[in-house]
Amino acid sequence: MKPGDRVSLQIEKGVYRGRGLARSGGRVVFVTGALPGDRVRARVDKVKRDFAEAALEAVEEPGSARREPPCAHAARCGGCTYQPLEYEAQLALKRDVLVESLSRARVPLDGVDLAVTGSPEEGWRWRARLHVEWEAGRPVLGFREEGSHALVDVERCPQLTPGLARLADEVRSALAAEAAGLRGVEELRLGEGGDGASRAAVLNVHRALDPQTASRLAARVPSASGLGWQGAGPGAPFVRIAGEPYLFTPRPHGVLRSHVLSFFQGNGALLDVLEATALAPLAGARRVLELYSGAGLFTLPLATRAEHVRAVEGAPWAAADARHNLAAFGHVQAIEAAVEHDAPEWARGRFDAALLDPPRAGAGPEVVDALARTRVARVAYVSCDPTTLARDLARLREHGFALRSLHLLDLFPDTFHMETVAALER
Ligand SMILES: C[S@@+](CC[C@H](N)C(=O)[O-])C[C@H]1O[C@@H](n2cnc3c(N)ncnc32)[C@H](O)[C@@H]1O
């Protein structure tokens, strides 16, 4: 087998990142775009000693769970790898990927409860990031094609809530109408609050917007309660154009404010079940260490139950939201710091439980080891990447923590992404 070869392959199963696994001549071949049970023709891109990578050229015989993708953009848009798979089969595949990730990391699953919760496939997304390119002076807004940098013009993404879709349409028309002054726009960040009224957009630009263009833009985006722009590079300031850039989400214990540039969970439909699942392993905990706490989605309910909470968040926008959202709770410390830098403070906290919700890179050995040096006996680990979750759970196991339950929540239907809440004890 060599790059450029065309091969016919039987896909045995799906693996993480939306690829199908086949075997040819004793070598594993990962095929982008292939689904479990497919017979495909694929073009070999890379050949390594133990495996090869190939791109799908044609489905010769579809697997039994293939379907006509509901979204018109599915054939090109790289956002929704699993659109052509029946939804129940998507859930089964994600469950298999999670189990395989843990098995490969040698995390035993005997006696571990494994639950799966699905999501509506449409209208769930209340945060979105769209790329913008300019073709002959006309804006193209959308997502990248799978495995390429080509931008797919996505006129209507069915994942968006109706409010976010309306906001995206308004910004699209405004970019077209004010193209001369807006050609520096490269990306668009959109968010909607759970109150149904707050909606904000941020234009990421490589050259500053002039004030006249900015105010004409604001007039063309009436459904935004907040609008602003931000230059390129990490830490570039947010420049307000109109309204306030905050999104408001009512929760059982108060209204959470989050800046449109703060992290906030993207699936509004599963927010309640995510919160309940993440907090369940900590029932009765008195002193809780919360790491990667964002704007305080989990901190707020923890504040109403625990005697003391230390919530650590590194991003300035989210940390400012957390301070605002938790100001009424004197027993909650909302700390702005990198988790790894905060670790020397943990011994003093006499914590009995911890909740972690790291980004895709996971917590990593340094943070896991520091956590293990505390008195924490119960851990809820919320993860958006099964491979880094498996790595961190294996390390927690070395420190004497046993895995009690796993709950896969499909916060990202039709994509290969998945959320998992793991409960551990020692
Ligand atoms: C997956 S989000 C979870 C946020 C929150 N738990 C929620 O559900 O809204 C991860 C958060 O960790 C923060 N973060 C990433 N790396 C960090 C680090 N090294 N130290 C502290 N916070 C970090 C991000 O800014 C983000 O807010």
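Which residue in β4 stands opposite Arg 19? Hold that thought for a moment, everyone, while I tell you what we have on screen. This is a predicted model, in which local features need pLDDT of at least 70 and side-chain atom pairs count only at pLDDT 80 or more, while totals for chains, interfaces and linings use all residues. Residues are numbered from 1 along each chain as its sequence is written, and side-chain values use heavy atoms, with hydrogens and water left out.

Back to my opening. The residue opposite Arg 19 is Thr 32 in β4. Strands β3 (residues 19-24) and β4 (residues 27-32) pair in the antiparallel sense over six bridges. A word on terms: helices (H or I, at least four residues) and strands (E, at least two) are DSSP runs, numbered from the N terminus, and two strands pair if DSSP finds at least two bridges between them. The β3 and β4 hairpin has two residues between the strands, and Gly 25 there takes a positive phi near 55°. β4 also runs parallel to strand β6 (residues 51-61), joined by five bridges; Val 29 has Ala 52 in β6 as its bridge partner.

For angles, axes are lines fitted to C-alpha atoms, for helices over the stretch in contact, and the values run from 0 to 180 degrees between N-to-C directions.

Let's zoom in on β8 (residues 127-135). With β9 (residues 138-144) this strand pairs antiparallel over five bridges, and His 131 stands opposite Gly 142 in β9. Glu 135 has Arg 138 in β9 as its bridge partner. Two residues lie between β8 and β9 in their hairpin, and Ala 136 in the turn has a positive phi of about 50°. β8 is joined to β11 by five bridges as well, again running antiparallel, and there Arg 129 is partnered with Arg 189.

There is another open sheet, built from eight strands with mixed pairing, in the order β7-β22-β23-β21-β20-β17-β18-β19. β7 (113-117) and β19 (332-336) are the edge strands, each pairing on one side only. Here the twist averages 15° from one strand to the next. Inside the sheet, β17 (residues 287-291) and β20 (residues 353-356) pair in the parallel sense over four bridges, with Glu 290 opposite Leu 355 in β20. Helix α10 (residues 386-398) packs on this sheet, touching β21 (378-383), β22 (402-409) and β23 (419-425), and its direction makes about 165° with that of β21.

Finally, the ligand. Which residues come nearest to the ligand? Of the 17 around it, they are Gln 265, Glu 313, Gly 314, Val 339 and Asp 357, where near means that a heavy atom of the residue lies within 4 Å. By class, the shell has ten nonpolar, four polar and three charged residues; Ala, Val, Leu, Ile, Met, Phe, Trp, Tyr, Cys and Pro count as nonpolar, Asp, Glu, Lys and Arg as charged, and the others, Gly among them, as polar.

As for polar contacts (pairs of N or O atoms within 3.5 Å), a polar side-chain atom of Gln 265 lies 2.7 Å from an oxygen atom of the ligand. An N or O atom in the side chain of Glu 313 is also 2.7 Å from a ligand oxygen. A polar backbone atom of Val 339 is 2.9 Å from a nitrogen atom of the ligand. Taken alone the ligand exposes 600 Å², and the protein buries 85% of that, with areas from the Shrake-Rupley method and a 1.4 Å probe.

Key. A polar contact is a pair of N or O atoms within 3.5 Å; within protein, one must be able to donate a hydrogen and the other to accept it, and residues adjacent in sequence count only if both atoms are side-chain atoms. Contact means heavy atoms within 4.5 Å.
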